[in-house]
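Where does the ligand sit, and which residues surround it? The briefing below takes up these two points in turn.

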Amino acid sequence: MVHPHPFPHRHLLGIEQLSPQEIGTILDRADECVSISRAARKKRDVLKGLTQINMFFESSTRTLASFELAGKRLGADVMNMAVKASSVNKGETLIDTAMTLNAMHPDILVVRHGESGAVNLLAQKVNCAVVNAGDGRREHPTQALLDALTIRRRKGRLHRLNIAICGDVLHSRVARSNIHLLNKMENRVRIIAPPTLCPDGIERLGCEVFDSMEAGLEGCDVVMMLRLQQERMTGGFIPSHREYFHRYGLDEDKLSVAKPDVIVMHPGPMNRGVEIDSELADDIDRSVIQEQVEMGVAVRMAVLSLLAEGLTGERAVA
Ligand code: CP
């Protein structure tokens with residue numbers, strides 16, 4: 001009997017389309033990939049012969065570096081397109097750029113773009129698998145998956161946890177992907193944000209909304225802080241950094257109402273002293289921020305290998 005592949009998707013465009021079982025499949029595969037990354041010799045040839053192009057229209061350190069390392073560790077030919085030096089600067093559109101690269105026969109395109117929905121549109125035009133590395137305010141699926149892997153490894157489970165997502169939710173694709181994922185896995189999700197940075201109707205995604213850290217952090221198992229995305233702000237969303245830190249910045253005092261074994265997360269890059277106290281961010285008893293970075297490589301290896309299996313019909317990581 002032929003078993004259906006456990007990840008029957010051509011692309012990874014968001015968490016919204018995934019079932020809890022498919023999320024579990026990615027995380028189980030990522031656990032295997034952690035061992036590969038921790039080994040002295042990290043190279044596998046499961047993506048050998050496949051071409052991966054990373055096309056980032058917005059800045060990135062973690063996501064771009066980890067997709068590049070993930071592809072290389074699994075043996076793919078990886079090309080990072082230098083968008084700033086490309087013909088995008090001469091006015092070439094996203095779709096024309098994508099179609100140009102498509103004509104070079106890549107197998108996987110990893111794309112970050114500033115417009116919500118741009119990556120989905122591109123996926124309809126090209127012949128290869130497409131991975132969303134963050135689109136506008138919509139989704140950042142591999143970030144939510146790496147956060148989930150970090151939580152599952154630290155807490156021993158990924159269900160029935162109280163998880164607070166705090167800060168600039170309005171501009172955050174990380175928040176949206178995490179809300180989808182954590183709800184699918186039956187957690188209790190709380191949003192803590194100032195009214196100016198809290199999207200209208202966010203509770204319809206299945207979360208409780210608080211505008212006070214003290215009330216929202218009570219009894220939490222996990223606290224995820226979000227970056228204040230000043231590059232996307234045109235008006236006066238906050239009175240000042242000092243006032244924002246006073247009311248919404250995470251420090252030991254605010255965290256004291258959470259559970260004693262609470263973990264602190266941040267997707268990075270951090271604004272130290274604005275959304276999180278610098279010492280707390282470096283406190284290895286509480287902060288799992290560096291572990292999130294490590295899990296990022298593993299999750300991206302898992303996603304690339306599962307998509308490759310869809311392309312080649314062979315199990316990639318053994
Ligand atoms: N968390 C995240 O997406 O970081 P980068 O912007 O550095 O990729």
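The model is predicted, and the values given here are computed from it.

**Shell around the ligand**

- The ligand is surrounded by Ser59, Ser60, Thr61, Arg62 and Thr63, together with Arg112, His140, Gln143, Pro267 and Gly268.
- By residue class, the shell around the ligand divides into seven polar residues, two charged residues and one nonpolar residue.

**Polar contacts and burial**

- A polar side-chain atom of Arg112 lies 2.9 Å from an oxygen atom of the ligand, while a polar side-chain atom of Gln143 lies 3.1 Å from a nitrogen atom of the ligand.
- Gly268 takes part through its backbone, with a polar backbone atom placed 3.2 Å from a nitrogen atom of the ligand.
- The ligand taken alone exposes 260 Å², and the protein buries 92% of that area.

**The pocket and its lining**

- The largest pocket is lined by 22 residues, and those that lie nearest its centre are Arg112, Arg173, Arg227, Gly268 and Pro269.
- The elements that give two or more residues to this lining are α2 (62-73) and α6 (173-184).
- The lining of the largest pocket divides into eleven polar, seven charged and four nonpolar residues.
- Arg112 and Gly268 belong to the shell around the ligand, and they are also among the residues nearest the centre of the largest pocket.

Definitions and conventions. Residues numbered from 1 in each chain as written. Predicted model: local features only at pLDDT ≥ 70, side-chain atom pairs only at ≥ 80, totals over all residues. Heavy atoms only, no water. Near = heavy atom within 4 Å. Polar contact = N/O pair within 3.5 Å; in protein donor to acceptor, adjacent residues only side chain to side chain. Areas by Shrake-Rupley, 256 points an atom, 1.4 Å probe, with all protein chains shown as cover. Nonpolar A, V, L, I, M, F, W, Y, C, P; charged D, E, K, R; others polar. 1 Å grid on protein atoms, 1.4 Å probe; cavity = no way out; pocket = protein on both sides within 12 Å on 5 of 7 lines; lining within 4 Å. Helix = DSSP H or I, 4+ residues; strand = E, 2+ residues; numbered from the N terminus.
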